[in-house]
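Me: I am new to this structure and would like to learn how to read it. Could you walk me through a few features?

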Amino acid sequence: MRLWLTAAFAAVCVITAGAVYLFGENRQALFVAVLIGVLAGFLIAVAISHRVVRLARAAGQMADGSFDGPLSVSGPADEIGDLARALESMRASLKESFGVLTADRNKLAHIFDGLTDAVIVVDDEGPVRFSNSAAAVLLDPEGLPLEPIRPFLHRAAELGFAAYPALRVGDRAYAMTARSLPDERAVLAVLRDRTDEMRREFAEADFVSNAAHELRNPLAGISGAIEVLQSGAKNDPRDRDHFLSRLADDVERMNRLTQSLLTLARVESLGEPEREVVDVPVAIRDVVAAVESPIGIKLAVEVEQDLAATGDPTLLRQVMIGLLTNAFKNTPPPGTVTVRGRHDGKGEVVMEVVDTGTGIPVAEIERVFERFYRRSESRKQEGFGLGLAIARRMVDVMGGQIGADSVEGEGSTFWVRLPVAQPSPTPVA
């Protein structure tokens with residue numbers, strides 16, 4: 001650049017000196033010659049300025065993060081040309097470096113978006129700097145953390161760390177940890193949804209408690225009978241037979257409970273079985289033959305022909321036997337129990353067990369499939385409240401649905417829905 005400025009100044013000086021020498025006596029010619037020298041210097045300066053402005057514009061674009069446009073390095077091999085080539089080399093290097101950084105950033109973003117845990121980075125002043133997809137439900141419409149989360153973010157900013165094992169946000173529960181990032185003047189928060197996990201924990205605790213309660217009654221009966229027998233009742237044949245009969249009943253009750261618990265455990269551990277084509281009329285005929293109708297209860301069967309479902313014939317048989325047994329148990333004579341099988345027109349097969357029994361209160365209809373739940377009317381009967389829970393799990397394993405409709409005092413309808421299938425040449429079931 002100094003070379004170009006020197007050349008421009010020298011050109012002006014030479015032209016001026018020559019003009020004075022040649023046209024010293026002619027002022028007009030002298031003026032024209034000096035004007036030509038100034039114009040020549042101006043043009044040289046403009047050319048230099050244009051190259052400098054172009055370099056400045058390119059540097060500004062790089063400062064703004066744009067590295068795509070190559071920089072023209074054509075021109076004389078002077079200081080400005082050297083600067084242009086240096087800037088172009090720097091642009092290419094920065095473009096490559098920023099490309100690597102962008103790829104790494106996108107990779108991290110995809111990793112964070114793939115996490116099931118919510119990740120949020122919040123400035124000390126409050127705005128969210130980063131959040132992944134799982135955190136969307138924890139931000140308000142303005143993009144700020146929801147109100148229950150904010151106190152823990154403030155605590156982490158002040159103390160450096162905050163944690164809560166079960167933070168309630170709406171109808172969900174989250175395990176939250178938050179850590180201060182002093183160098184970034186921000187707080188990193190990670191929230192894991194524990195709702196389903198806690199429900200399972202509560203359900204398991206409730207299951208153990210109910211199982212212990214159900215076992216406690218026959219154990220207490222056995223203990224009491226043994227104590228009475230040891231105190232002298234064994235010497236009286238009538239008393240001895242009475243308490244031995246009680247012992248046998250309590251042992252049988254414990255055996256049935258144990259079998260039910262083992263059945264439930266096996267069903268819970270089942271993976272998805274291999275689906276088979278089940279001939280529904282054949283399956284229902286086997287179920288009806290397996291369960292004896294009580295005296296005073298009429299059994300009716302209404303099944304469409306050529307009705308086939310996709311499922312497991314053994315599991316379906318167990319489910320339908322359980323539903324039919326319950327219907328008989330809850331229908332006082334005279335009454336009717338009807339077993340139906342039909343298409344529903346939606347690509348499913350529906351099997352129903354309809355009774356004219358006592359019905360189920362509206363407040364209890366949603367709970368009849370829970371483990372150990374026995375509705376108020378059935379508590380006077382034998383049972384542990386596990387049959388429908390086992391049936392629901394069996395139907396789940398087959399990829400179907402089970403439910404109930406009831407009108408208290410009029411009767412109940414328990415139904416099973418399975419995907420429809422074409423009848424096989426050799427019926428299964």
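Me: Which residues does Met320 touch, not counting residues up to four places away in sequence?

Reply: Let me start with the ground rules. This is a predicted model, in which local features need pLDDT of at least 70 and side-chain atom pairs count only at pLDDT 80 or more, while totals for chains, interfaces and linings use all residues. Residues are numbered from 1 along each chain as its sequence is written, and side-chain values use heavy atoms, with hydrogens and water left out. Contact means heavy atoms within 4.5 Å. With residues up to four places away in sequence set aside, Met320 touches Val287, Val339, Met351, Val353 and Val416.

Me: Which residues touch the most other members of the largest nonpolar core?

Reply: In soluble globular proteins, nonpolar side chains tend to be buried together. A nonpolar core is a set of buried Ala, Val, Leu, Ile, Met, Phe, Trp, Tyr and Cys residues joined through side-chain atoms within 4.5 Å. Buried means under 20% relative accessible area, exposed over 50%, and partly exposed in between (1.4 Å probe, protein chains only). Here the largest core has 39 residues, and Met320, Leu323, Met351 and Val416 touch the most other members. Helix H8 (313–329) gives the most to this core, with eight residues. Helices (H or I, at least four residues) and strands (E, at least two) are DSSP runs, numbered from the N terminus. Apart from this core lies another, of 19 residues, including Val122 and Ile149.

Me: How many aromatic pairs does the structure hold?

Reply: A pair of aromatic rings is described by the distance of the centres and the angle of the planes. Rings of Phe, Tyr and Trp (its six-membered ring) pair if their centres lie within 6.5 Å; planes under 30 degrees apart count as stacked, over 60 as edge-to-face and the rest as tilted. The structure holds two such pairs. Phe152 and Tyr164 are tilted, at 5.3 Å centre to centre with 50° between the planes. Phe152 is buried at 11% relative accessible area, whereas Tyr164 is partly exposed at 35%. The rings of Phe369 and Phe414 have centres 6.1 Å apart and planes at 65°, so that pair is edge-to-face.

Me: And what is the order of strands in the open sheet?

Reply: Two strands pair if DSSP finds at least two bridges between them. The open sheet of five strands has the order S2-S1-S5-S4-S3, with antiparallel pairing. Strands S2 (128–131) and S3 stand at the edges, each with a single partner strand. Six bridges join S1 (residues 118–123) to S5 (residues 186–193), and Ala118 has Leu191 as its bridge partner in S5.
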